[in-house]
Amino acid sequence: MQDSFRQAFRKRYAKWVASRVPLTDSITLNRRIIYVLPTGNGLMFLLAAGLVFIAAINYAVSLAFGLAFMMISLFILSILYAYNNLNGLNLKSLPTAPVFCGEEASFTIELSRGNKKSHEAVELAFAEHSPSHADLVTVDRDRVQVFYRCNKRGRCQAPILRITTYFPLGICRAWSLINLNLNCIVYPRPVAFSMEQFDSGGGGGEESALMQEGSEDFYGFRDYVPGDPLRQVAWKNVARGQGMQLKQFVDYVDSRVWLDWDMFYGFSVEERLSRLCYGVLKLSREKQSFGLKMPGLEIPPDSGAAHRDKLLRCLALYGIE
Amino acid sequence: MRSEIDYQIPRSALSWVLLAVMLVVAPQALRMPLWISAIAVACIVWRWLIYAGRLGYPGRSLRIAIVIFTLLVSVSQMRNLGIGLDSAASLLTLGFVFKLIEMRHKRDIYVVISLCFVMLMVAFLYSQSAVSSAYIALSVLVTTTAMVALNRSTLLDNHSGTFSLSLKMGLQALPLAVVLFLVFPRIAPLWAVPVQNNGAGTGVTDEMSPGDIAQLGRSSELAFRVQFENSPPPLHENLYWRGLVLDDFDGVTWRRTRRGSSYAQAASLNDFQWSWEDRVRLSDDVIDYNVIMEPTQQPWLYGLHLADPMNRELFQSRNFEIFNNGLITKRMSYDLRSYRGSRTDLLLLDSVRRRSLELPTGGNSQSRALAQRLRADTDSDLDYIYAVLARFQQNEYFYTLNPPLLGDNRVDDFLFNTMAGFCEHYASSFAFLMRAAGIPARVVVGYQGAEYNRYEDYMMVYQYNAHAWNEVWLEGRGWVRFDPTAAVSPERIEQGVEAALADDPAFLEQSLFSRSRLGAMDWINTLRLRLDAIEYEWNRRVVNYDEEVQFELFERLLGEVTEEKVVLLFASLAVIMVAGIAVAIIWTEPRTRRTPVDRLYLQLGRELDKIGLGRQRGEAPNDYCRRVCEARPDLAPLVQEITELYLELNYRHADLQASRQRQLQSRLRSVLRQLRFRLMPVLKSQG
């Protein structure tokens, strides 16, 4: 009961916050979006100040009044300091490297300070994630990585980012909620499978299979080009007067290096993508040349990091874009 | 979310916290029972060992044991000391140090820090002197530093930077605190608190046995300070600070009659028929003064002859003594107006006369006989008094702090055998001789004399100024003051007790830095007076700032004081202060920290700017060098060298030895100087 109430409140709050903070690439914190409230420790500090004050009244001790007022002044000052520690801080989103589903994306944010400010002990965090710390005291700009666990394949848009500071006394907390345009591609979560079990499947048919010139299976004839090994010339055909033709042999080993959507018959979309992802990673680690076949998409075999990233991106964005 | 469990207290912060705790506990440790102080020290040491990695946190069973121990201590403390400040303070200290050893989360540290402030408040309950206030201010500063250290980024954390930040915050908070102190409306106590210091009363008491005042003569503690407002202070021999009137004698001890002690009470009694105005004949010689009295744990106050209290909560007894409404447990300031030379009680009530003639029925027969004989030989009461004083003067009576012990008939023994005593012996026997001759007489105790502090124009009265003298009732003159001690030792009254007892080894034997011992060392004496002057001003202006003084301030500022005006003044001042501080913080530029090398390099840009080749914002040193060399090939060697030196000093300085750094820096300086010379003729030719 209480839990559902709290959740409803959270949802409301998140909605209200989202309505206040538009999505931007860069933002400078200002008084409109900086909030300051005492922390629990701050309330305890105020309680102590109240205690000192009441003792000052009751024992009529002049300097205890002074002590209580000094504590209250420090508290007020700490509100201003905490606010000022965020005021003028500029945040800019930078491109983020893709991650696999279930991993933490490290969103990169460039922080820079206004020319009159310094910012110390600033924490940046997404809700329920551990904060990253940043200081802009001796440097004018700095990059900070903020982590966010991406649990859904596709394009991950970072949620609302919370920037918090307890500096300098820890009795007041200033924070700001911003919606930076931080996103990254989330590849499917790789799921291992045994490649061998699909060896005999031979899904593709021979036209689409990858051929390499080899020596095992006869494939067909082609015209002789000077320099070809005479051993492979089809002398029978020459005898029939069909001219010099060469017997072509291919190796069908390579025909299996197509990663095919249909290899995983009976799996759901995400399960297929996870296995394809594993296949891509495994094959590219083995430095093989391979292609990918998916509904409405066929990428011819190739190798290298760029090829791998292209395939992973296709897997990530399947059905989304 | 960060869990509290794996929170690590930053090490530098912990050292500040421990320093703050030590500063806060130290003054308490001096006041508490020794074993509690020992526990406090042990806890701090324990915490230090945890910090150093030598010891662990207390286990669960130990923590339970500590709680039970604290409860037992609190019960025994309350039984021994009563529910008062001392027991509360020592309990608070115990809880505080126990919390310290199990402190491991951030919340715990803030509990300790909040308790630090509460402990400092307790320290103020004990003393508000300038010295202890300065100490407490330092403690506040260190506690604030601990808070800053807790929240700083560990990368930037260095002790001096943390301390200077907290000092800056403290200085910024101070003006606001001062304004709050001045204008925040003071509220009357919410509930009555029994302020009970368990220390015994100090100063003059309401009983006087031989030896009592001599005991005070050994103490150089301050009794009170006096400032005369619009007239020069009276001569030393007229400075009789009247305290209590003792009129009940049992042969050994003089006591104050407690019946009808207060003026207000007495007014309701039947035998009190006349009002104050009827009993005194006021003189025109008015003198106003302010007294700041040290705590005595007694209710009575001191003033010159016929002092009329100007403060509301003071009252006057029938014998013109002044009382505070309650014990004086902390420094107290009050204003008095004295009518010098006024006469009191020209008509003596029969009950008072009876009381002022009462003597024990037997004993001291020699003295009684002496009184009879002398009175018979003289014509009037006054002549008789002079005859007694002359007897003191002409016979071998001594004024000493260490008189011999007296037998059963104390007055006889003193007058005829030992003939040596302190003021109480003389006052006691003088009153006895008066009463024995049928003249109403009584003993007055208080202080006589003072030390003048020329730096702030006030007087200091010490415990060794304690004195006893007599008042004798004479027909047509009322109560008249006589001081038999003056007959024995005139310098005691004219120059002070220091002069009279300069050769007495017992005088001030308990105090190391007594005035008479250091009197010869002039500069120490000057320093002592100056320090006391600071203390005095601190008390007058800060410690005594209470409801009344605040009201006067409001009256000066606002004219007629109304609630709305006060609220408005308070609100507007607070808003102005906060806004001012906010502006100061938010719109002031933090000083960019430039190294000396940076500053030297920036000179290059400034010099070249004179010929239109200033460095552009953000231009890299190498780019700038190239641009200048293209524009002015003649300057190229100098500019190139400067750039190289700068780059080496700035980017390789971690590898450079300090001596090499200095060498490069001085080279940079000299090349810059050369450049300046080269540019000078250019300027002249352009001009």
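Which helix of chain B does Val140(B) lie in? Val140(B) lies in helix H6. This is a predicted model; local features need pLDDT of at least 70, side-chain atom pairs count only at pLDDT 80 or more, and totals for chains, interfaces and linings use all residues. Residues are numbered from 1 along each chain as written, chains are lettered from A and ligands numbered from 1 in the order written, and side-chain values use heavy atoms, without hydrogens and water. Helices (H or I, at least four residues) and strands (E, at least two) are DSSP runs, numbered from the N terminus.

- Val140(B) counts as buried because its relative accessibility is 9% (buried is under 20% relative accessible area, exposed over 50%, partly exposed in between; 1.4 Å probe, protein chains only).
- Beyond its neighbours within four places in sequence, Val140(B) is in contact with Leu67(A), Phe117(B) and Leu120(B) (contact means heavy atoms within 4.5 Å).
- Ser166(B) is 26 residues from Val140(B) in sequence and 10.0 Å away in space, C-alpha to C-alpha.
- H6 (residues 130-151) packs on H20 (residues 522-543), both of chain B, at about 75°, with axes 9 Å apart (axes are lines fitted to C-alpha atoms, for helices over the stretch in contact; angles run from 0 to 180 degrees between N-to-C directions).
- H6(B) is therefore roughly perpendicular to H20(B) (65 to 115 degrees; under 35 is roughly parallel, over 145 roughly antiparallel, the rest oblique).
- Ala130(B), Val131(B) and Ser133(B) of H6(B) meet Ile534(B), Glu535(B) and Trp538(B) of H20(B).

**Helix H5 of chain B**

- H5 (residues 106-126) has 21 residues and should span 30 Å at 1.5 Å a residue; its end C-alpha atoms are 31 Å apart, which agrees (the expected span is 1.5 Å times one less than the number of residues).
- H5(B) is mostly covered, with 17 of its 21 residues buried.

**Helices H2 and H4 of chain B**

- H2 (residues 34-52) and H4 (residues 85-101) pack at about 15°, with axes 8 Å apart.
- H2(B) and H4(B) are therefore roughly parallel.
- Residues of H2(B) including Ile36(B), Trp46(B) and Arg47(B) meet residues of H4(B), among them Ser90(B), Leu94(B) and Phe98(B).

**Val252(B)**

- Val252(B) sits in the loop between strands E4 (248-249) and E5 (254-255) of chain B.
- At 30% relative accessibility, Val252(B) counts as partly exposed.
- Pro360(B) is 108 residues from Val252(B) in sequence but 9.8 Å away in space, C-alpha to C-alpha.
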